[in-house]
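Me: Please take a close look at one part of this model for me, the packing inside. Then set that part in the whole.

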Amino acid sequence: MERKYYYCEYCGKKFPDVRTLTSGTCAYHPDGSNKGPHKLYEGTEKSKYTCKYCGKQFPSIQVMVGGQCVNHPNGTNKGRHSPAL
Ligand SMILES: [Zn+2]
Ligand SMILES: [Zn+2]
């Protein structure tokens, strides 16, 4: 069987199963660092991920969320890129 991972939409960390993902707190949570759990990224694993706000492409979610987004709904560079599904 092909090995499958689950990714957090906020920080891009990967987990072997959803339970482990949702039971940990996320350093990139929108309410503040470790103020809430990781959020399951419900899209499929891709070779490139597109930011749903600005359309920029990144090789991984982890790389994407490391940058601030100029088209963020809260304002220019007021938040991180976020992966489209
Ligand atoms: Zn996370
Ligand atoms: Zn963006």
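Reply: Two residues are in contact if their C-beta atoms, placed from the backbone, lie within 7 Å. Among contacts between residues at least 6 apart in sequence, 34% join residues at least 24 apart. This is a predicted model: local features need pLDDT of at least 70, side-chain atom pairs count only at pLDDT 80 or more, and totals for chains, interfaces and linings use all residues. Residues are numbered from 1 along each chain as its sequence is written, while chains are lettered from A and ligands numbered from 1 in the order in which they are written.

Now the core. A nonpolar core is a set of buried Ala, Val, Leu, Ile, Met, Phe, Trp, Tyr and Cys residues joined through C-beta atoms within 7 Å. Buried means 20 or more other C-beta atoms within 10 Å of a residue's own; exposed means 12 or fewer, partly exposed in between, with C-beta atoms placed from the backbone. The largest such core has 13 residues. Those with the most contacts inside it are Cys8, Tyr10, Cys11, Ile61, Met64 and Val65. Take Tyr10. Beyond its neighbours within four places in sequence, Tyr10 touches Cys26, Tyr28, His29, Pro30, His38, Lys39 and Val65 by the contact cut-off.

Next, the whole. Buried residues make up 21% of the 85 residues. The elements run β-β-α-β-β-α from the N terminus; helices (H or I, at least four residues) and strands (E, at least two) are DSSP runs, numbered from the N terminus. Along its principal axes, the C-alpha trace spans about 40 × 30 × 15 Å.
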